[in-house]
Amino acid sequence: MSTTTSTTYAVEDGFETYYAEKLWEMIPPIYRVEDGSAIKPDVLRSLVLILAKQAAIVRRSQDHLWDDSFIELCNEWAVPYIGELLGTRLVSASNARGRRIDVAKTIYYRRRKGTLRVLEELISDIAAWDGKVVEQFKRLGRARHGLDPHPTALAGRSTGSLPGGWADLRQTQGSELADGPFDEYHHTPDFRQQVGLSGRYNLPKLAFYLYRLVAYKVVDVTPFPLTGGLGYSFDPSGRDIPLFSHRNIADGEDRNWEDWRSAMEWELQKPIRCRLLNESRFLFTEANIDALSASPGLSLSQIADLTTLIGWPIIGEPRLRETLSVLPNAASFYLAPDYILYKAILEATLITECGKQALLPSSITVQVDGTDVPKPETTSGALSSWDTSNVPLEKSLVIDPENGRFAFTGALADPESIVTAEYHYGFSGEIGAGTYDRRAVEDVTPTVTVSNGDTITAALLMDNGVTQIDDNRTYTTLPDSVNVENMTLQAANQKRPYIRLEQDWTLDTGANQNAFLVLDGLWIGANADAAIVLVGDYECVTIRNCTLDPGAGTDINGDPIAAITLRIEGHVEQLVIEDSICGRIEAAAGSELEAITITDSILQSTTANPVLDIEETSACMERVTVIGSSVLHTIQATEVLMVGVYTVTDTQKGCFRYSAAPLGSRVPRAYPHSLISFAQASQWFTSLQFGHPGYCQLSAVAPLEIARGAENGSEIGAFASLLNPIKLDSLQIKVAEYMPFGLIPMFIFET
């Protein structure tokens with residue numbers, strides 16, 4: 001208990017100093033004098049300091065006894081004791097967050113045991129994922145009987161398919177939703193055990209659809225322009241990426257029991273479908289007709305026309321235009337060129353529960369000269385060929401959320417305008433440059449701050465100081481430095497600026513010795529393959545929460561996306577890479593890199609060249625995924641996944657524990673339970689292309705030795721600290737506890 005408490009309290013309370021001096025004063029002076037003048041002085045003093053440290057732990061524990069009685073405030077050691085009082089089935093101690101929430105809400109869960117509400121909340125409470133629970137018996141095709149409610153009210157939201165009946169194939173959205181949590185079709189029973197799409201639909205099956213990716217919000221981004229057109233990519237590097245909806249669902253006690261409902265599609269952290277973004281539903285009421293009368297203004301005849309539509313739901317803008325077209329004053333509602341009244345009707349009558357209202361502007365926003373493009377002027381569409389010829393005349397902006405593209409039409413098609421964007425991108429965890437919380441940078445006071453994009457001049461890049469970028473804009477160049485002494489270039493907390501190099505970026509210490517360099521929170525790309533070149537003498541180079549673009553793929557102009565290499569051309573005593581995504585790291589002839597430490601990171605070479613080409617270097621790697629071959633001198637590897645032949649020159653030193661490398665690799669003696677026996681591994685990942693939301697995420701086909709091969713039972717590689725296998729085990733335990741008797745749970749990963 002004492003050890004746990006000592007690590008929990010990292011405070012400056014002065015207890016250790018107080019007890020050290022108090023105990024020291026209790027020792028007779030002659031022994032204190034002898035201790036100071038002995039051949040080995042301060043032995044007694046050291047013993048007193050140890051005792052004082054333990055006394056401080058006891059004191060802190062006593063002071064915290066009252067808080068330890070409450071699950072919200074107690075130390076970790078107290079959680080299982082409180083859980084024992086409640087008789088709950090505890091989950092793994094590695095899942096500390098899930099365990100604490102489980103104990104805190106045990107009574108809440110028991111009062112609602114067996115309900116969909118509890119089962120769906122368990123996903124976010126225990127595993128910290130988004131999810132939706134579906135009773136699969138409701139997905140079975142069957143004949144209706146007299147006790148069934150009238151089927152019209154239960155028809156599919158998007159397709160109109162009636163429950164248990166034939167699929168309505170006139171609506172193309174149905175195929176997009178099939179076999180997912182929002183499936184509106186009905187199926188024949190499948191009595192097999194669930195594997196993939198087989199065995200999902202049967203009376204006792206209960207499907208848990210799980211979304212593991214996190215949606216990160218990026219604001220004020222400089223979009224990547226299409227050459228010769230008015231199209232853009234939301235992604236500043238020019239990649240096609242899916243846009244995500246942000247989490248927008250209340251949990252637990254945030255909802256009234258009577259108001260609870262299962263999650264809607266736009267409330268989950270998942271990729272946005274094009275048709276979902278364009279889903280619009282309208283309802284005329286007395287209130288919104290009065291609002292339209294006030295602004296922009298309606299005539300009495302127009303009011304009379306719209307009053308006839310009160311209470312009738314209208315699905316889709318085409319149906320709304322058709323409805324307005326049959327009214328006596330139809331022509332007055334749709335007047336070119338501004339369509340002011342029609343746009344006002346779209347804005348006023350759009351209901352809350354539809355995709356367009358929910359996603360614009362909360363998940364996606366485009367600004368022109370600092371002003372949001374209005375919702376009535378926005379539509380969605382496929383922009384793979386940048387064809388906007390079929391866009392309605394009143395629309396000025398077309399968004400393709402599935403590819404992360406947008407294009408302007410009409411009045412907004414002005415190439416001189418300043419365009420920025422706000423959106424959500426998906427990724428597995430807090431690795432690489434991102435807009436997640438990096439609160440540690442707030443402890444570093446910047447010497448110079450930079451914002452508004454464009455260029456970072458030599459005067460702004462401090463050779464001996466801190467340069468901080470305060471926004472998410474794109475910066476087109478970085479000046480070389482010839483006198484690096486103690487340089488820090490960092491992004492502000494929760495910012496992800498993109499730096500596009502036009503050539504190699506050289507950082508030279510000049511006459512300085514033992515220089516320091518820190519890069520923190522930056523995403524660095526290039527117009528063509530480029531390198532960050534370290535010249536001179538460095539004591540330590542730190543790359544933290546950065547993305548040195550590994551390249552591969554093409555941008556929206558069809559040009560290949562360049563890779564960034566980190567090249568050592570001088571002397572570096574220690575290279576530290578933390579929570580980052582990097583391309584190749586190489587040491588040029590005549591250079592020296594003494595040691596490299598890599599933790600919680602992804603390294604990838606998109607060419608045949610080794611990703612780590614530093615043959616004379618000793619490496620220490622923990623929780624790292626390496627895509628590509630590597631050459632090192634010695635290695636201390638823990639929970640490292642090598643996808644490429646790995647060659648260590650000196651195998652007599654170092655270790656290779658809870659790690660994996662392919663056949664043909666030369667590594668030190670493997671620690672027990674390590675794996676070095678696979679040949680092909682590319683199919684184990686959702687994607688190996690940087691920019692994909694599932695980049696380097698292990699897929700369901702990854703072997704058990706990889707998926708649960710870490711020391712704590714988690715996966716091997718960069719995402720080991722996410723504890724996904726442990727979270728899944730915890731969720732299965734709690735589902736078994738609170739699920740209705742006799743049902744069979746299925747856990748299906750959607751992303």
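1. Two strands count as paired if DSSP finds at least two bridges between them. On that basis, strand β21 pairs with strand β24 (residues 537–544) in the parallel sense, over 6 bridges. One of the facing positions is L519, which stands opposite I543 in β24. The model discussed here is a predicted one.

2. Strand β21 has a further partner. Strand β18 (residues 486–491) pairs with β21, also in the parallel sense, over 5 bridges. Here N486 stands opposite F516 in β21. Strand β21 itself, residues 515–520, is mostly covered, with 5 of its 6 residues buried. When reading side chains here, recall that in a regular strand they alternate between the two faces of the sheet.

3. Two cis peptide bonds deserve a look. The bond from S295 to P296 is cis, with omega near 10°, and P296 is found in helix α11, which covers residues 286–297. The bond from A336 to P337 is cis as well, with omega near 5°. P337 lies in a loop, between α14 (330–333) and α15 (340–349).

4. A552 is not a glycine, yet it has a positive phi of about 85°. The residue lies in the loop that connects β25 (547–548) with β26 (564–568). Is A552 buried or partly exposed? Its relative accessibility is 28%, so A552 counts as partly exposed.

5. Y658 likewise has a positive phi, of about 50°, although it is not a glycine. Y658 is found in the loop between β34 (655–657) and β35 (660–662). With a relative accessible area of 12%, Y658 falls under the 20% cut-off and is therefore buried.

6. Rolling a probe the size of a water molecule over the atoms shows where empty space is left. The largest cavity has a volume of about 270 Å³. It is lined by 22 residues, and those closest to its centre are Y425, F427, R496, F690 and G691.

7. The lining of the largest cavity divides into 14 nonpolar, 6 polar and 2 charged residues. Strand β13 (residues 419–427) supplies the largest share of this lining, with 4 residues.

Methods. Residues numbered from 1 in each chain as written. Predicted model: local features only at pLDDT ≥ 70, side-chain atom pairs only at ≥ 80, totals over all residues. Heavy atoms only, no water. Helix = DSSP H or I, 4+ residues; strand = E, 2+ residues; numbered from the N terminus. Buried < 20%, exposed > 50% of the residue type's maximum accessible area, 1.4 Å probe, protein only. 1 Å grid on protein atoms, 1.4 Å probe; cavity = no way out; pocket = protein on both sides within 12 Å on 5 of 7 lines; lining within 4 Å. Points joined across faces, edges and corners; volume = space filled by probe spheres on them. Nonpolar A, V, L, I, M, F, W, Y, C, P; charged D, E, K, R; others polar.
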